[in-house]
Structure formats: C-alpha cells, structure tokens
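Trainee: Please show me how to read packing and pairing in a model.
Mentor: Take the structure first, then the terms.

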Amino acid sequence: MVLARWRAARAETRHFFDETLEPAAYEARPIALRHPFVFYEGHLAAFGAIKLLNEVLGRPPLDEPLELLFQRGIDPPAEGGAPPETCWPPRKEVTDYARRANAAVETALVSGALPKDAVFTVIEHELMHLETLRYMLHRLPYGLKRAPAGAAPPETSARAPRTESVRIAAGVATLGVAQGEIPFGWDNEFPKTCTFVPEFTIDSLPVTNGEYLEFVDAGGYRNASLWGPGDAEWLAKAGIAHPSFWRKEGSAWTWAAQFGLIPLPPAWPVWVSHAEASAYARWKGRRLPTEAEFHRAAFGTPEGGERTHPWGDEAPNPSRANLGAGQDDPVPAGSRPAGVSAWGVHELVGNGWEWTSTPFAPFEGFTPMRTYPRYSADFFDGRHFVLKGASPGTPAPLVRRTFRNWFQGRYPYAYAKFRCVQL
C-alpha cells in the first residue's frame, strides 16, 4: 500500500508537468512569494531522496548541487518577502535527476528498508505541494496551461440555499490525536487535546460571492475600522479592492476559473485571505470561528459523540464533498447535502479550506517530528492562522479530522473560504 501511494503521488506530479503546464511556463513565477514551477518539480524528487536515501539510509547525495538547490521552499521568510532569483537548470536536467531519484527510492521501498513514517512524510509532502501547484496554476495566463480533455465546465447554475444560523450546544471538542491512533500524522496534529467549547451560533453555509459583493459595494475595502492592525495600509499599498479571484470586465464582475473567465457565480463560496474574511465578519457584527468551534460544528454531535467526518465515518466521495483534485473551482455552496454535519452545517469539508481565528500554534505537549523537525515549528510565529477542511484541489488522502493547514493572514492565493459565528 505504501509503495502504491508513493507511485501515485509521483505520477500526479509528472502528469501536472507533462500534461497540464505548458513548457513555456516552466520557469514562470505567477506568485512572487513562491518559487517558479521548475523548483517544485526538482524539489519533490529531491525531498524524497534527501529524506529517505540520505537521512534514513545514510547514503551520499545523488547530485549534491541539485539537491542543495531544490532542498526546501515552503513559505517566504516574512510577509512581503520572496525567494531570491535563481538560474534554474533546463527541464531535461531536472527530469533526469528525478528519474534517478525515483529509481533509487523505489528500490529502497521494495526492499522494505524504509520506516513507514518517513515514507508517509514524503508522500504527504508531495500531496500538499500538488495543491500548491494547482493554485499557482490558477494565476497563470490561460495560454500557459491546458485544460483536461473532456473536462466539464464549472458548475454554476444552481443557487445556494438560504444561509441559516445553526446553534451548536456547548460541549467538548477533541483536537489532535494520540500517537498510534492514525497511520500517520504531522507533528502539529499531536497530542490529543480535549477542550470545552461554549454554546455558539454558526452559519450553515460559507459566505458566498453574492454575499461578499454586498460588502464590496458597501465600501468595505475602504473602511479602515473593519480591518486589523496594518491591514488598511496593506490594502492601499497593494491596491487591493476586491477578492483576488475576481476580475472587473467593464461594469460586470467575473471570476477567474482555472481554465477561463466566467461571470461571477454568486452561489459559489468566496475565496479570500484571513484579513478579508475577518473584515467581512466585523462588518456583519460577527467573527470567524476558533479551531475548536470548527471541530465542534464539523465533527461533534448533539448526542455528545464525535464523527470521523462531518457526515459520518464513510470515506469522502464526490457526493459528500468537492475535493480530491478532480477540479480546481468551487461548486455552489450547499450543493453537496450528503456532506452535512450532525448539526445541519454544510460543507465544512470540501469546496475550500476554512479560515479560523486561531493562530497556528502547538498543542500542549508538542514534540517536533523525527522525520521533519522543522515542518511546523518554523511557523509558530503568530502570523499564520489555522485552516480546516479541504479544497477542490486537496488530495483525498489528506482529508482527516486532525489535519491542520495554515497560511499567513494576508495570503490571498489559497483556495480558502470562511463562515461567521457568534455567541
């Protein structure tokens, strides 16, 4: 099973670079805070070789200069920072290295010489970067990417159901997990942490483009009182006046779908940064949920138990959630009613990660993981916030109750939605 999962992840990356990204975009850098695409093709191969062959098996580098070049690149060191300009090798050199690295890693996997936690570290690292590549792709001009043959057009026709306020009874939310309870988890998922959550009210649906347009039209982006410290200056400096997925075509709003501009779908959840989500919530006299409140609404039940997923213990499928990298665009909010939680809250998993108000921080008793000790600890800085759930571009193996995503508060590129709460 481990070998098959590793092969599947590697195949997804090759498909992206061979079939989706146009060759002319190989060194393109559509997001200044990220490296160009070439880095990620090299990084994903090098990460596996470094972790499994060098660190676990003690072997020398396959190509030391390339492995140094492609070693690490998760997030800029500071907001507004960017990776340095680099002279990148041609793709043939990168793919030749990747083939050698893949062959060496596969031989080690077949031999049974590698511990499962190290292999899962490599696999899930690749799956997460596949989503990064998808939202980077979203920022490219349309001529630099290829839509899958026979792909269905974005699902825009349905209307979102009316958002209701759902009362969530006070109770205990279980965050994290105990060692040994799941096959693999990142260090920030441990240990199991139980916390009492007071009664609160949460929106039954995420905020939609149509609802957010009211905030834009009301001058929300110009009202400094709605924004956090430094946010108004950030908006002015960057010239931000609307969500980054929106475009203005004359007097009409459009939405930059992955493979073409479409009229703004009012029923789709709006994808915005944490700063933008927080400003909208203040405008409504509400706030974003905490991580514990999200867990209570998503996985808790009125009877006091907790579920594996909002809908129950069954694995995710397209009828329950828009996820799994099948597409890169949302669907109308509430159009997957089979995924509703025990309380009647819709799409807490899928259709976009969900922002919480909780800064990314360790649970009490946190221990850095042996296989990647810097994975979480570098980002316990008060500037990153926890997101839960999953997006359309999230591979299904990453969808588990304890998984914690995180981004900086002003990062506008992720597939991230939100909803509001109040006591």
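Mentor: Two strands pair if DSSP finds at least two bridges between them. Helices (H or I, at least four residues) and strands (E, at least two) are DSSP runs, numbered from the N terminus. This is a predicted model: local features need pLDDT of at least 70, side-chain atom pairs pLDDT 80 or more, while totals for chains, interfaces and linings use all residues. Residues are numbered from 1 along each chain as its sequence is written, and side-chain values use heavy atoms, without hydrogens and water.

Trainee: How many bridges join β5 to β6?
Mentor: Four, and the two strands run antiparallel. Strand β6 spans residues 252-257. Lys-248 stands opposite Trp-253 in β6.

Trainee: In what order do the strands of the open sheet lie?
Mentor: The order is β5-β6-β7, with antiparallel pairing. β5 (246-249) and β7 (260-263) are the edge strands, each pairing on one side only. From one strand to the next, the twist averages 40 degrees.

Trainee: Which helix packs on the sheet?
Mentor: Contact means heavy atoms within 4.5 Å. Helix α6 (residues 209-217) touches β5 and β6. Its direction makes about 65 degrees with that of β5.

Trainee: At roughly what angle do the axes of α2 and α4 cross?
Mentor: Axes are lines fitted to C-alpha atoms, for helices over the stretch in contact; angles run from 0 to 180 degrees between N-to-C directions. Helix α2 (residues 37-56) and helix α4 (residues 91-111) cross at roughly 30 degrees, their axes coming within 9 Å. That makes α2 roughly parallel to α4 (angles under 35 degrees count as such). The residues of this contact divide into 13 nonpolar, three polar and two charged (Ala, Val, Leu, Ile, Met, Phe, Trp, Tyr, Cys and Pro count as nonpolar, Asp, Glu, Lys and Arg as charged, the others, Gly among them, as polar).

Terms used. Angles under 35 degrees count as roughly parallel, over 145 as roughly antiparallel, 65 to 115 as roughly perpendicular and the rest as oblique.
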